[in-house]
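Please open the model in your viewer and keep the selection panel at hand.

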Amino acid sequence: MSDGHAEQPHPSVGLDDVVHHRARLGILTVLGQVRKATFSYLKSQLRLTDGNLGRHLEVLAAEELVTLIKGYEGRRPRTWVEITDAGDAALAAEIATLKQLVSRFEQHGALPRQDR
Amino acid sequence: MGARSGAAVLDALVAYAIVLVCGWTWMFAKNPPVTSSYQAVPGYVSATVLIAVWLYLTGTTAGGGTLGMRVAGLRVRHADNASPPGLARAAVRSLVLVAAVWLLSGVHSTLVVAYFLLMLFIPGHRLPHDLAAATTVVRVATTAEPQAVPRAVAARPNLDPTRARAILTDLENLRQRSAGDLHRASVPLIVLGLIELAGAGADLRQFGDLFVLPWLYWVVAGPVGLAVTAWWYRRFRRRDGAGPGERDIVVIAVLVGCAAVVCAFLPLGGAITAAGFLAVGLVRHSRVLTAAAAVSGIVIGLEQPFHALSTGLTNAYPHVPAAHLLDQHGTTVVLAVLGMGLLVAGSLTLRRELSA
C-alpha cells in the first residue's frame, strides 16, 4: 500500500493518502491526550477496523512515532500503544502546517477559486 | 513550563552565588571581621547584591537569554518582531523582575513561586516583567532546519484547504472526546482536600506534649496521598484501556517522601505535600489541580506569618475571646476551610468528568 512514497500519483493514491493522513493524525491526537492506550480503545475512538488500525500503527511505529507494547492482561493478549517524543513533535508540526494552510486560504478567501 | 521552571531554578542558583560572593567579600573586608553570620547586613551590601543580580540579568537577557534559559533551550524575544530584546528592554525586564522578587520575598518566600505561577493565567505564558518590557519567552528549535513532518503523517502538497479545515475540526473533536475519558484532576483534588482536612485535626495545638504529631502527620500524609492518586490513575487506565502511566506520580511520591523526611523538623510538611500535588498537576497538564495545589501551598506556607499575626492580635486585645480562639485554632480553621474548598472543587470536577 502507498504511504505517500509514490512519485507517480494515481488519483486513487491521493485519496488514499488523505484518508491515511486523517487516520494517522487521529491516532496521534488521541495518544497525545491519553499518552498510552490499548489497541481496542484506539479502535473504538477512531472507528477503524482491526486490520486498518494495525497497519497504520505499524507505519507509525516504523517511523518511531509510537511504540507498541505487547503484553497480557490475565490470559488475554493486550497491545498497548504509547506515543513517543517524535510523535508529539510530528503531530504538532503537522497541525501547524494544516492551520497555516487554512489561514492562508481564509486570508485570500474572498476569491478562492478564480485562479484555478 | 517545565523548561521555564528549570531555567528559573538555575538562575536562582546564579543569583545565590552572587549573594554568597558579595556576602563573603563584605565579611572579609569588614574591620573587625564578622564573626557571626547572624550579624545584621548593612543596606549597602543588599543594594550591591540587587544591582549585581540586575546587571547579570540585563547583560545576559540583552543577547537573548539568561544562562538558565540557554541551558533549558529558551530565549527572550521582542514580543512583536521576535528579535533579541536589546539592552534597554532587557534592563526594564530585569528591573521589574528583580523588584518583584525582592518585594515579594520580603513579604514571604512562597509568594515568589506564586509570582512565577502567574504565567499559567497570562496568555503566551508571559509574566508581568515580560508585559512591562513587551518581551516573550520562546523555545528555540533544537534543529536549525524547519521541522520536517515524517512522511507517514504529512499531508500531500495539494491538500485542499477546505479538507484541511475539516480534518482540523475532526481532530479537535477527537481530542476533546479522548480528554473526557481521563479522570485527571478530580481524584488528586479530593485526596489533597482530605489530607488537609485531616491535617486540620492533626494540627490541634492542645495536643501539647504530642507536638511532634503534626510533623509526623505531614511526613506520612503526602507520600500516602500521592500513592493513592497513582493507584487511582492506574485503576482508571486499566478500566478505560487508556491513560498515562502512573510511574511519574510514583516518582513524585518518593521524592515528596524523601523531602518530607529530610525536612521533618522544619514546618514545611504541608508545603512539600502541596508541591508534590503541584507537580502532578503540571505533568498531567491539569490547570485546576495546578492552581489548587499552588493556592494551598501558598496558604500553608503563609501559616507562620499568619500565626505571628494572630499572636500579635491576642497580645493586643487580651480580653477579646475571638482573638484567643484565632490564636489557638487559626491553623486548624485555615486548613479546614482549604480542605473543604478542595473537596468541593474535586467533586465538581469528578461530576464533570463522569458526565463527559
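Begin by selecting T84(A), which touches E64(A), L65(A), V66(A) and T67(A) when residues up to four places away in sequence are not counted; contact here means heavy atoms within 4.5 Å. The model is a predicted one, in which local features need pLDDT of at least 70 and side-chain atom pairs count only at pLDDT 80 or more, while totals for chains, interfaces and linings use all residues. Residues are numbered from 1 along each chain as its sequence is written, chains are lettered from A and ligands numbered from 1 in the order in which they are written, and side-chain values use heavy atoms, with hydrogens and water left out.

T84(A) is found in the loop between β3 (76–83) and α4 of chain A; helices (H or I, at least four residues) and strands (E, at least two) are DSSP runs, numbered from the N terminus. The relative accessible area of T84(A) is 17%, and the residue is therefore buried (under 20%; exposed is over 50%, partly exposed in between, with a 1.4 Å probe and protein chains only). Display the side chain of T84(A) as well: one of its polar atoms lies 2.9 Å from the backbone oxygen of L65(A).

Next, select R35(A) and D88(A), whose side chains meet in a salt bridge at 2.7 Å, N to O. The term denotes a side-chain nitrogen of Lys or Arg within 4 Å of a carboxyl oxygen of Asp or Glu. R35(A) lies in the loop between α1 and β1 (36–38) of chain A and D88(A) in helix α4 (residues 85–107) of chain A, so the pair ties together parts that are 53 residues apart in sequence. R35(A) is partly exposed at 27%, as is D88(A) at 25% relative accessibility.

Now show both chains and select R22(A) with D170(B), a salt bridge of 3.0 Å, N to O. This pair crosses between chains, from helix α1 (residues 11–34) of chain A to helix α7 (residues 161–180) of chain B. R22(A) is partly exposed at 29% relative accessibility, and D170(B) is partly exposed at 34%.

Within chain B, select E246(B) and R237(B), which form a salt bridge with the closest N and O atoms 3.5 Å apart. Both E246(B) and R237(B) are buried.

Finish at T61(B), in helix α2 (residues 43–62) of chain B. T61(B) is buried, at 1% relative accessible area. Leaving aside neighbours within four places in sequence, T61(B) is in contact with several residues, including V76(B), P85(B) and R93(B).

Notes. Polar contact = N/O pair within 3.5 Å; in protein donor to acceptor, adjacent residues only side chain to side chain.
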